[in-house]
Amino acid sequence: MTLPIMKYDAVIVGGGGAGLRAALQLSDAGIKTVVLSKVFPTRSHTAAAQGGISASLGNSDEDNWHWHMYDTVKGSDWLGDQDAIEFMCRQAVDAVVELEHFGMPFDRLENGKIYQRPFGGHMAEFGKKPVRRACAVADRTGHAMLHALYQRNVKANTHFLVEWMALDLIRNDNGDVVGITALEMETGDVYIIQAKAVLFATGGAGRIYQSSTNAFINTGDGIGITLRAGLPVEDMEFWQFHPTGLAGAGVLITEGVRGEGGYLLNCNGERFMERYAPTAKDLASRDVVSRAMQVEINEGRGCGKNKDYVMLKLDHLGKDVIDQRLPGIREISIQFLGIDPVKEPIPVVPTCHYMMGGIPTNYKGEVVVPRGKDMEAVVNGFYAAGECACASVHGANRLGTNSLLDLVVFGKSAGNSMIEYIKSHGNEYKELPSNAGDFTVERLNKLNARTSGESVADVRAEMQKIMQQHAGVFRTQSVLEDGIKKIKEVYKRSQNMFIKDKSKVFNTARVEALELMNTIEVAVATMICAEARKESRGAQAREDYPERNDELFMKHTLYYNDGRGLVYKEVHNTPLTVDYIKPAKRVY
Amino acid sequence: MSKKVKFSLYRFNPEVDKKPYYQDIEVELDDLDKKLLNALVKIKDYYDDSLSFRRSCREGVCGSDAININGRNGLACLTDIDSLKQPIVLRPIPGLPVIRDLIVDMTQFFNQYNSIRPYVVDDRPMPERERLQSPKDRDELNGVIECILCACCSTSCPSFWWNPDKFVGPAALLHAYRFIADTRDQITKERLDDLNDPYRLFRCHTIMNCADVCPKHLNPTKAIGKIKEVMLSRAI
Ligand SMILES: Cc1cc2nc3c(=O)[nH]c(=O)nc-3n(C[C@H](O)[C@H](O)[C@H](O)COP(=O)(O)OP(=O)(O)OC[C@H]3O[C@@H](n4cnc5c(N)ncnc54)[C@H](O)[C@@H]3O)c2cc1C
Ligand code: SF4
Ligand code: SF4
Ligand code: FES
């Protein structure tokens with residue numbers, strides 16, 4: 001069967017912050033661009049981001065990008081690439097000012113400048129004291145940013161294919177990316193979309209865990225598709241557990257609560273972070289706070305009947321501050337737990353939140369993979385940005401508010417790289433391979449043909465349980481080895497999934513099955529990479545290897561799903577213009 | 001503890017059904033299934049995988065899962081199952097073409113949104129840093145920018161049902177006000193002229209359905225009133 005073909009110079013998969021920022025760059029340059037998204041763009045999970053976007057504007061405290069860069073390197077536990085980090089932190093001020101110019105409704109200070117609040121791990125004078133660097137729109141920063149970017153794309157007449165799902169990459173004999181296959185949900189039809197350049201901005205994959213702050217649609221499609229195309233993904237062992245997910249519900253309570261002066265308590269009413277991080281206290285880096293909470297819970301100082309959560313206290317901030325700066329979390333807390341934080345503390349637990357790893361790129365947004373001796377050969381025509389990409393600015397642990405920044409900085413820079421590449425290729429599209437689309441059609445036919453087998457819901461639930469139990473906040477060799485065995489079994493089961501509903505029009509059962517085929521790839525990658533990294537660094541906390549081991553493990557993991565297994569590549573230790581920030585012990 | 005809950009679901013799949021029908025179904029839910037969305041997910045996962053609905057964030061920020069619940073529009077993810085009379089009757093939000101089951105075609109809704117030029121227009125050269133705005137001016141946007149474009153309001157508005165192509169509708173009018181009120185925007189006059197039309201704005205008869213149902217507790221009627229106020233004050 002041959003699939004119908006559509007043609008665009010640039011195809012962007014993903015209508016979240018990263019995809020929309022890139023689209024704007026391309027549309028404004030007059031490039032024929034299309035954005036595909038599984039959901040209407042403003043429904044992307046960027047809308048859920050609460051706390052803020054970082055930039056050393058210095059509106060409230062003295063600040064500069066050198067300090068921001070230092071914090072990001074330290075936050076990454078020295079696994080971040082320092083050229084990319086310098087690039088991002090230097091661009092931050094311009095990027096945020098640009099968002100303001102796009103119409104983003106930032107909160108304001110009395111003097112009319114953008115309001116900034118403190119956030120975990122963001123410090124002045126190279127780690128000395130907390131600094132106000134997070135630019136905020138109350139506790140709805142991502143929502144405001146996503147809408148502003150979408151609005152700007154309406155102005156730029158960007159073309160959207162809404163409720164379209166990308167299924168696979170198309171590569172030619174040279175390995176260049178020349179298009180994708182995609183499913184139009186409303187009709188159930190599958191197309192080839194031929195392109196000169198393809199950008200993946202498909203967001204996170206937090207749905208590999210049982211308890212997650214991520215949306216249903218965060219299924220790691222970009223990662224699954226990349227792996228199936230024979231390309232590696234980077235640093236998949238590093239998952240951020242956010243300290244304050246609402247106990248039981250998983251919904252996020254922003255770190256901005258602690259930025260505004262809230263703090264954590266154990267069952268004895270003790271402000272325990274003072275013991276773990278004497279300087280930064282509750283505003284230490286996320287991995288540090290999550291581990292401290294887990295230790296408190298493991299040692300019996302958790303709260304509640306089962307002693308399985310801690311308390312986040314903020315009533316002392318007063319109703320006015322809460323209603324002005326944190327109205328969204330008040331609403332969430334009342335909605336999901338019936339607790340009004342103006343009066344009572346909120347029960348919270350460390351909850352899966354953010355994927356530090358992803359599709360390997362350089363700071364220009366080009367996808368780079370090993371080829372011969374070159375560990376970072378560019379894949380022609382393929383770009384990635386946002387949470388699905390690994391630039392790597394977040395290394396082993398991301399600082400809060402650095403992701404929204406990452407979206408706009410690397411969305412723009414990937415857009416610029418694509419413009420350059422497309423212009424250098426004139427009007428020519430590279431030829432599609434004769435079997436383009438066959439792989440996708442085969443996958444779909446198999447799924448359609450099966451009338452019995454594993455249910456999608458069961459396979460997903462089992463995967464989430466295993467990830468929760470075997471790849472959580474603390475990890476050990478035996479737990480991970482067991483985890484690998486178990487997750488591989490689930491992987492096998494996933495090959496035999498079936499759906500009862502075989503119809504074409506808006507078949508969301510089919511969409512969920514196709515999503516799970518991607519998510520399970522992410523889960524397996526995570527488990528295998530975590531087992532192989534026998535050290536503790538950032539979000540990877542190995543009880544059996546409690547120290548960071550720079551000699552053996554200051555390197556990025558690359559994972560292939562096709563038998564090539566794991567390969568390692570060096571961390572970039574040459575920033576663009578400044579001196580290398582040398583590794584040190586991380587104390588907050 | 002588990003509990004049994006009865007539903008009556010609007011079903012329509014254009015490939016097989018000549019016309020829509022209601023499916024009665026009793027579902028076993030547990031304590032964690034607090035919200036209506038939990039129940040819908042359970043039905044799809046364990047009872048009938050063909051039930052189609054939209055959902056994403058499950059926390060009321062994405063606007064995907066607007067549904068007509070026992071006759072009233074709301075978000076499935078923010079509606080407590082226990083607050084609802086059984087059988088819980090679920091229908092697609094009214095007034096827009098149904099694609100399948102609880103999924104409607106939102107094109108007209110978004111066309112109206114696009115029609116109000118939903119972006120700040122300021123063609124003056126931009127300063128190197130942020131434009132200044134006082135906290136007071138910025139506060140004027142509160143109660144407006146929180147909109148998640150769920151369409152609960154517009155699809156409860158009789159005027160929108162009758163004239164979805166001509167009447168802008170409460171959601172898009174709320175946004176129209178957002179850009180009129182933003183001190184950074186430079187085309188207030190054009191915006192007002194565009195709305196000064198028997199249909200675009202003035203089909204609103206202040207029936208207030210919109211403000212009643214908004215899951216984010218926003219008040220489009222008030223925003224519409226403010227647009228009229230600005231129009232009046234400019235006319236004098
Ligand atoms: C609750 C929460 C709060 C957060 N708060 C903050 C914060 O305050 N500050 C901060 O810096 N970071 C925060 N983060 C992190 C940050 O919000 C995310 O990392 C970021 O928004 C991801 O943006 P993105 O553009 O990469 O992806 P997303 O916004 O997730 O968008 C992904 C897009 O890809 C599309 N897509 C995916 N797969 C496919 C496919 N197969 N075909 C077609 N389209 C597809 C989706 O439809 C969607 O449009 C938060 C995260 C969460 C979960
Ligand atoms: S107040 Fe106006 S916009 Fe709102 S429901 Fe009534 S007629 Fe519609
Ligand atoms: S105003 Fe309220 S009901 Fe209407 S679209 Fe916005 S959030 Fe939904
Ligand atoms: S699922 Fe996002 S608003 Fe309900």
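Let me begin with a definition: helices, meaning DSSP runs of H or I of at least four residues, and strands, meaning E runs of at least two, are numbered from the N terminus, and a residue counts as near a molecule if one of its heavy atoms lies within 4 Å of it.

What you see is a predicted model, in which local features need pLDDT of at least 70 and side-chain atom pairs count only at pLDDT 80 or more, while totals for chains, interfaces and linings use all residues. Residues are numbered from 1 along each chain as its sequence is written, chains are lettered from A and ligands numbered from 1 in the order in which they are written, and side-chain values use heavy atoms, with hydrogens and water left out.

Among the residues around ligand 2 are Cys157(B), Cys204(B), His205(B), Cys210(B) and Thr221(B), and the shell divides into 7 nonpolar, 5 polar and no charged, where Ala, Val, Leu, Ile, Met, Phe, Trp, Tyr, Cys and Pro count as nonpolar, Asp, Glu, Lys and Arg as charged, and the others, Gly among them, as polar.

Around ligand 3 the shell divides into 11 nonpolar, no polar and 1 charged; its residues include Cys147(B), Cys150(B), Cys153(B), Cys214(B) and Lys216(B).

Turning to the interface, the contact (heavy atoms within 4.5 Å) takes 60 residues from chain B and 66 residues from chain A. The area buried between the two chains, that is, the accessible area (1.4 Å probe) lost on being put together, summed over both, is about 5,200 Å², and carbon and sulfur atoms give 50% of this.

Between chain B and chain A there are 9 salt bridges, a salt bridge being a side-chain nitrogen of Lys or Arg within 4 Å of a carboxyl oxygen of Asp or Glu; one of them joins Arg54(B) to Glu163(A), at 2.7 Å, N to O.

Finally, within chain A, Glu260(A) forms a salt bridge with Arg117(A), the closest N and O atoms being 2.8 Å apart. Glu260(A) lies in the loop between helix 6 (256-259) and strand 12 (263-265), and Arg117(A) in strand 4 (residues 116-124), so the pair ties together parts that are 143 residues apart in sequence.
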